[in-house]
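This report looks at model confidence, the nonpolar core and strand pairing, in that order of need.

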Amino acid sequence: MKKTICIIVASVLVFGLSISAFAETTGDIDVTGHIGTSGDPTIDPDADPDAPDSDYDLTFSTSVHWWVTQITYPNIVNGTASGPDSSVSNKIVNNSAADIDVSLVSFTGDSVAQSIASNLTLYLTGNLAADSMGTTNIAGDYTGPLAYTAPLAADSAWTYGFSGQYTAGSVNTSYTPAYVMTLGFEF
Amino acid sequence: MASKTNKLGHKRIWIIMIILLLLAAGLYGLFNRKTNDTDYLIGAGVKTGSLDDDDSGNTDPSSNGKSSMRVKLNGKPIFADGKSEGSLNIENPAENELYMQVEIKLNQTGDIVYSSGAIPPNHYIDKDMLSKVLRKGEYEATAYVTLFDQDNPDTIYNSANFKLIITVLN
């Protein structure tokens, strides 16, 4: 009889724990909190916490859109090439209520795209970021300066661009390197 | 006779246990089912629509398909305490075509304190709890926003990092 009671109690416990665990993992317990201070009656305890002008609202390009096709055939071998300059425009729109700083966190060759080892000089251009990015390798990561640029004003757009030229390397076919980048935003 | 009654009692107990287990399994399935037919798990806090009642006047006209992405989130989320929901205000507006995902890490420790799951266009998360209980204070953190195309998951898109100040009041 004791054994039976033990089994029933254990089963109920397991069942109960299971239910509470499932409820916790789904976050299904609807909890609403109110913030107020007893010492300051002017604060509405039923109002949600508010932080004015703290919402980011940004639109940015999802890719560098720079698929460089080599038109000098057959080879560029270890020398300065008269390969094509190529540039693209990208855009960031700041619809936030406050100015934000924009930084370039990373600039990386897209390993999925066809990329043949070659050097490419890249320059970040634009009315707010005219600093040279330095040199990067087609298949490598950008290692140049990543300083913050001038603030991007609220309710304004910033068009920036990349331009570049083949400078050295060994290439025997057309290729279309692509880059992905990470932008950093900060109030 | 006593032995027969005892056997019957055991049988009933087993039946009750099986019913309880089946119930538990059913509930598990109910709470853990995927909310769509894709491979991406949409977060529990994701809601359909926009955070703004009327967002039509604030739409970027240059947005076009998958070539650009509009992202909205609160740079200074506030939590009543470490176990409360906070004002994250993350939104993937309807004008976008890509899905987005947000992961928040504390700058000092690198701890992941929030992961949104997939957020389809025209969906938002207004409030949610952090996955880690934080004590009272202000925390510098970074929201890592990644984009993906559910039809072409191998395509890599630019990403964005947003500096956050997380405030836990109590």
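## Core and its terms

A nonpolar core is a set of buried Ala, Val, Leu, Ile, Met, Phe, Trp, Tyr and Cys residues joined through C-beta atoms within 7 Å, where a residue is buried if 20 or more other C-beta atoms, placed from the backbone, lie within 10 Å of its own. The model is predicted, with local features needing pLDDT of at least 70, side-chain atom pairs counting only at pLDDT 80 or more, and totals for chains, interfaces and linings using all residues. Residues are numbered from 1 along each chain as its sequence is written, and chains are lettered from A and ligands numbered from 1 in the order in which they are written.

The largest nonpolar core holds 49 residues, of which Phe185(A), Val71(B), Leu73(B), Met100(B) and Phe162(B) touch the most other members. Leaving aside residues up to four places away in sequence, Met100(B) touches Val71(B), Asn92(B), Ile119(B), Val145(B), Thr146(B) and Leu147(B), a contact being two C-beta atoms, placed from the backbone, within 7 Å.

## Strand pairing in chain B

Strand S5 (residues 99–106) of chain B runs antiparallel to strand S8 (residues 137–148) of chain B, joined by 8 bridges; strands are DSSP runs (E, at least two residues) numbered from the N terminus, and two pair if DSSP finds at least two bridges between them. In this pairing Lys105(B) stands opposite Thr142(B).

S5(B) also pairs with strand S6 (residues 112–119) of chain B, in the antiparallel sense over 5 bridges, and here Met100(B) stands opposite Ile119(B).

## Confidence in chain A

The mean pLDDT (the predictor's confidence in each residue, from 0 to 100) of chain A is 63, and 30% of its residues reach 70 or more.

Technical notes
A residue is buried if 20 or more other C-beta atoms lie within 10 Å of its own, exposed if 12 or fewer, and partly exposed in between; C-beta atoms are placed from the backbone. Helices (H or I, at least four residues) and strands (E, at least two) are DSSP runs, numbered from the N terminus.
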